[in-house]
Amino acid sequence: MTDLFLGHYAYWAIIFLLILGLYGMIFKNNLAKKLIGMTIFQVAIIMFYVASAVKWGATVPVLDPVTGAADAAKYISPLQHCLMLTAIVVGVATSGVAFSLVIAIYRRYKTLDESKLLERMKSS
Amino acid sequence: MLGYKSNLIILMVSHVVSPFIMLFALYVIFHGHYSPGGGFQGGTIMAASLLLMRLAAGREIAQLQFKSVLGTPLGSIGVLIYFGTGFAAMLSGGEFLNYRFLPFAGFTAAELRSLGILMVEIGVGLAVMAILVAIYDDLLEGYPND
Amino acid sequence: MKIINGLLLISFGALLVYASLGLPNRGDVDAVMHREKSPAGSQGASSYYIRNADKDANTPNMVTVILADYRGYDTLGEETVILTAGLICFLILRRKKNKS
């Protein structure tokens with residue numbers, strides 16, 4: 001039982017962060033707060049991948065000339081880190097595009113509240 | 001920024017610190033082979049040094065450091081450097097992005113791959129820096145300073 | 001309406017926690033993804049990259065070799081994504097000049 005808890009507590013904390021981001025996206029009425037929830041969701045996914053790449057007793061995935069490259073159990077797995085580098089930069093680009101869309105919506109309808117926005121979109 | 005008043009201490013410190021942040025960013029890009037780092041990380045730090053001047057001194061003074069019209073063209077040049085490395089490998093007989101066939105003389109195969117990685121990382125760093133500054137400039141385009 | 005949304009959110013969280021019980025213990029050196037051979041019989045990816053990165057590319061940093069050499073095509077696509085996002089921000093926020 002403690003073995004299960006010690007092996008999985010990081011995943012449960014990251015799932016809590018994910019639920020927090022989803023709560024922000026669903027329950028808040030302001031468009032900018034929904035975008036902040038989306039950013040928290042992306043960060044939770046990135047942390048999940050990076051947290052799953054760990055091996056006990058292993059070091060950073062930069063080759064140590066003393067240890068050598070023969071034993072693969074001495075370095076943590078580098079594949080998840082490489083994929084998450086791409087994911088971080090794509091997250092920044094997505095946030096940039098989303099905020100520019102929010103600015104364009106504000107210029108056109110003069111509000112950012114979701115219910116008022118739906119009324120103005122129906123009437124115009 | 002709306003209602004923007006400049007503070008003397010922040011202005012002086014930003015003038016001094018911004019070139020050193022750019023130097024550190026170049027260090028991170030070029031030492032991506034031997035320590036954690038590389039193209040994306042160094043490009044983001046270089047964008048941070050340019051955004052520091054835009055936040056501290058306003059949009060007009062920061063044009064002296066990096067003009068706003070240079071944002072998107074530099075990003076395209078960065079992608080072109082990446083593509084150009086792949087095409088140079090393809091025109092010399094190999095497949096696309098196979099760095100062993102780059103047309104430089106006097107290197108072994110492993111050293112040619114290391115050189116290809118360096119050229120690609122420079123292209124990536126340039127593109128990331130230019131596009132991050134361009135997104136900031138586009139988001140704050142119409143707001144008056146002061 | 002909000003109560004139904006809240007119940008759905010909590011049940012989604014419980015489903016994720018139940019699914020995470022099937023993952024191996026974090027940090028286990030004998031986990032399936034860190035082995036030499038995958039269950040289908042092919043070469044395991046991360047152990048191949050760890051053992052052969054320095055020999056193939058004369059570079060101690062394994063993450064850079066994977067990013068720019070073994071999986072360089074994905075990095076090219078990702079850089080195109082950054083460029084496209086910059087162009088989209090420029091095109092959405094343009095103001096049309098009034099012809100007076």
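Tutor: A crossing is left-handed if the near helix is turned anticlockwise from the far one by less than a right angle, and right-handed if clockwise. Our model is predicted, with local features needing pLDDT of at least 70 and side-chain atom pairs 80 or more, while totals for chains, interfaces and linings use all residues. Residues count from 1 along each chain as written, chains are lettered from A and ligands numbered from 1 in written order.

Student: Which handedness does the crossing of α1(A) and α2(A) have?

Tutor: Helices here are DSSP runs (H or I, at least four residues), numbered from the N terminus. α1 covers residues 2–27 of chain A and α2 covers residues 31–51. Where α1(A) passes α2(A), the crossing is left-handed.

Student: Are α1(A) and α2(A) roughly parallel or roughly antiparallel?

Tutor: Their axes (lines fitted to C-alpha atoms over the stretch in contact) are compared by N-to-C direction, from 0 to 180 degrees. The axes sit 7 Å apart, at about 165°. Over 145 degrees counts as roughly antiparallel, so α1(A) and α2(A) are roughly antiparallel.

Student: Is C89(C) buried or exposed?

Tutor: C89(C) lies in α4 of chain C, residues 72–92. Contact means C-beta atoms, placed from the backbone, within 7 Å, and C89(C) touches G96(A), V97(A), S100(A), I135(B) and D138(B), leaving out residues up to four places away in sequence. The cut-offs are 20 or more other C-beta atoms within 10 Å for buried, 12 or fewer for exposed, and partly exposed in between. C89(C) has 26, so C89(C) is buried.

Student: Which helix gives the most to the side of chain B that touches chain C?

Tutor: In that interface, 29 residues of chain B contact 26 of chain C. α4 (71–91) and α5 (109–139) of chain B each supply at least two residues of chain B's side. With 14 residues, the top contributor is α5(B).

How values were computed:
Two residues are in contact if their C-beta atoms, placed from the backbone, lie within 7 Å. Angles under 35 degrees count as roughly parallel, over 145 as roughly antiparallel, 65 to 115 as roughly perpendicular and the rest as oblique.
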